[in-house]
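Take a look at the structure below. The text then walks through it part by part.

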Amino acid sequence: MKIMVAVKRVVDYAVKIRIKPDKSGVETQNVKMSMNPFCEIALEEALKIKESGLAKEVVAVTMGPSNCVDTLRTGLAMGADRGIHVEAARDLVPLSVAKVLKKLVEVENPELLILGKQAIDDDCNQTGQMIAALLGWPQGTFASKVVLDKEKQVATVDREVDGGLETLCLDLPAVITTDLRLNQPRYATLPNIMKAKSKPIKKYTPEELNVEIKSDLEVVQVTEPPKRKAGVILSSVDELIDKLKNEAHVI
Amino acid sequence: ASTLVLAEHEGGSIKAQSLSAVVAANSLSQDNPVSLLLAGSGSSLHQAAEKAATCHPSISQVLVADSEKFAYPLAEPWAKLIQLVQLKGDYSHVIATSDSFGKNILPRAAALLDVSPVTDVVDINGPHQFIRPIYAGNALCTVQYTGANPCMLTVRSTSFPVPHISVDSKSGAASISEVDLSTLDEGPFTWILGLQLESIPCLEAIILTLIADSVGKSRFMKLSSQDTGRPDLGSAKIVVTGGRALKSAENFKMIEKLAEKLGAAVGATRAAVDAGFVPNELQVGQTGKIVAPELYMAFGVSGAIQHLAGMKDSKIIVAVNKDSDAPIFQVADYGLVGDLFEVIPELLEKLPEKK
């Protein structure tokens with residue numbers, strides 16, 4: 001079995017973001033960039049499946065400008081066998097990403113596609129669902145547990161939903177998107193970082209894959225959210241109960 | 001303009017958050033009849049449809065899809081259903097709530113319809129301009145939709161509160177109609193070609209083998225949830241939340257006791273869920289639930305940005321934490337620096353019994 005994992009380069013989760021003065025977006029120049037945490041979890045899951053003997057190869061895919069190769073190298077250092085970089089100058093909307101992924105799936109024929117449930121920059125939470133639709137594959141989104149049965153060609157997926165934990169059984173090939181509690185991603189060790197340098201990365205452009213990149217969304221502006229002003233520090237439980245009752249009128 | 005709202009129902013009623021999507025539809029434009037789409041099977045579906053027909057004046061039509069395929073919220077048949085209903089009704093907008101149901105299904109349907117959806121809309125500037133949080137709510141992005149119909153949105157129910165509406169059930173009843181599901185299992189070419197395939201059985205067989213259909217490739221196994229009898233976290237007026245500082249599942253019961261006393265829902269931080277104190281459905285935050293109750297009480301919660309993203313629209317925020325530098329105090333209306341193991345018992349003793 002071959003597993004394909006999509007990884008995205010985003011502003012590191014620990015960085016406090018700054019909005020550009022012209023309100024055109026969020027500053028990404030001279031800011032620490034990392035692999036999207038949900039994508040790390042997706043890759044970790046693929047590597048675990050491979051290590052359990054159920055998969056032979058893990059292919060990591062990324063899209064975006066040339067520096068996205070860094071993210072791909074991180075994925076290779078974690079343990080992916082090879083990488084694919086689809087070079088695109090502009091930000092791609094999830095629908096375009098899904099269309100490019102579909103072409104890559106047609107080239108690579110993986111039986112499982114694992115993605116993060118969302119990227120922590122645009123918080124869209126769309127790409128996995130969209131690629132599943134375009135391929136006509138079943139989807140298991142927001143997964144916190146994945147069990148593969150190679151004989152029956154199914155994946156049993158626990159999903160974190162509002163009502164609790166939902167368990168689905170999906171025919172393979174399938175798309176899975178990862179939630180936070182699926183696993184704990186590994187760190188790349190120094191020897192593996194060195195090894196990753198010689199792993200192959202294949203480059204494509206959307207044109208080569210015959211995907212027309214269009215966007216039906218335009219960013220008008222990006223602004224600061226309204227700040228909540230800090231309130232008062234109280235000295236006792238009695239004072240708190242009094243405030244809640246007689247000032248805020250909430251109890 | 002006309003809007004299709006994807007609604008959820010439970011126990012013969014439509015869920016409150018689904019009405020938020022109707023409220024959002026109302027703010028798209030003045031003249032905007034809403035068709036409410038309900039799917040499921042059995043008598044509770046039809047009961048919900050009857051109630052939905054009179055629950056909001058701007059609902060002009062209730063569409064009912066009755067099939068065993070919709071007994072569970074599986075994305076594959078649901079996305080197909082939306083595609084089918086959209087191709088027939090040519091709506092300008094399709095709206096669902098930003099919960100695990102809407103977020104699972106709507107993007108899938110959007111891909112089938114070849115449009116880009118907009119996730120987590122918190123404000124509407126016009127029929128095609130929306131505001132949504134990005135970077136865990138640390139920035140707000142205004143986006144203009146320039147694509148073809150339908151414009152598809154998931155909306156945060158906390159941003160579109162449902163006002164109490166008195167509906168004249170005699171004049172305000174919407175029509176109820178059944179969705180024709182005979183083409184649900186067929187591929188999109190069926191409609192594109194406009195052929196009556198029933199009359200050409202072999203052609204139908206050919207087309208069906210050409211189009212791999214995903215309906216039936218996923219099966220619902222079970223839903224594990226804890227029925228606590230407490231109010232729903234997403235819609236409760238008061239939420240009491242505990243963080244890692246509770247130290248154990250046993251200690252977390254103090255939070256539950258306090259919630260019971262206040263008639264509140266229980267929430268938790270990611271750290272508390274990860275540590276196994278409580279199940280995942282109680283997580284409040286960027287990747288958990290987004291809540292905006294009238295009163296949010298946080299105990300032993302440090303205030304990571306991912307958690308703040310899930311609760312900072314609450315009307316009154318109370319924070320109790322030992323660490324006076326905890327970021328949660330920067331958003332709290334009332335802060336109490338102290339040990340929650342002393343504060344909670346005192347609150348339990350001194351708070352008035354709920355009416």
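This is a predicted model: local features need pLDDT of at least 70, side-chain atom pairs count only at pLDDT 80 or more; totals for chains, interfaces and linings use all residues.

**Chain B and its domains**

Contact between them involves five residues of domain 1 of chain B and eight residues of domain 2 of chain B. On the domain 1 side, the residues divide into one nonpolar, three polar and one charged.

Chain A comes next, with its record. UniProt lists residues 23-213 of chain A under "domain: Electron transfer flavoprotein alpha/beta-subunit N-terminal", in an unreviewed entry. Over residues 23-213, chain A is 29% helix and 30% strand. The end C-alpha atoms of this stretch are 24 Å apart.

Now turn to where the chains meet. The contact takes 64 residues from chain A and 75 residues from chain B. On chain A, several elements each supply at least two residues to the side that touches chain B. Among them are the helices H3 (94-108), H4 (127-135) and H6 (237-246). Strands contribute too, including E7 (139-149), E8 (154-161) and E12 (217-223) of chain A. E9(A) gives the most to this side, with eight residues. By class, the side of chain A that touches chain B has 36 nonpolar, 13 polar and 15 charged residues.

Which strand of chain B is joined to E12(A) by six bridges? The partner is strand E10 (residues 139-145) of chain B, and the two run antiparallel. Within this pairing, Val219(A) stands opposite Val143(B) of E10(B).

Follow that pairing into a sheet. Strands of a sheet pair through backbone hydrogen bonds, either parallel or antiparallel. Here the sheet is open, has four strands and shows antiparallel pairing. The order is E12(A)-E10(B)-E9(B)-E8(B), with strands from chain A and chain B. E12 of chain A and strand E8 (123-126) of chain B are the edge strands. Each of these edge strands pairs on one side only. With direction ignored, neighbouring strands of the sheet are turned by 30 degrees against each other on average.

At the chain B end of the order, E8(B) pairs with strand E9 (residues 129-134) of chain B. That pairing is antiparallel and spans three bridges. What is the bridge partner of Ile124(B) in E9(B)? The partner is Phe130(B).

Note on methods: Residues are numbered from 1 along each chain as its sequence is written. Chains are lettered from A and ligands numbered from 1 in the order in which they are written. Two residues are in contact if their C-beta atoms, placed from the backbone, lie within 7 Å. Ala, Val, Leu, Ile, Met, Phe, Trp, Tyr, Cys and Pro count as nonpolar, Asp, Glu, Lys and Arg as charged, and the others, Gly among them, as polar. Two strands pair if DSSP finds at least two bridges between them. UniProt positions are given in the numbering used here, feature names are shortened, and annotations may be inferred rather than shown by experiment. Axes are lines fitted to C-alpha atoms, for helices over the stretch in contact, and angles run from 0 to 180 degrees between N-to-C directions.
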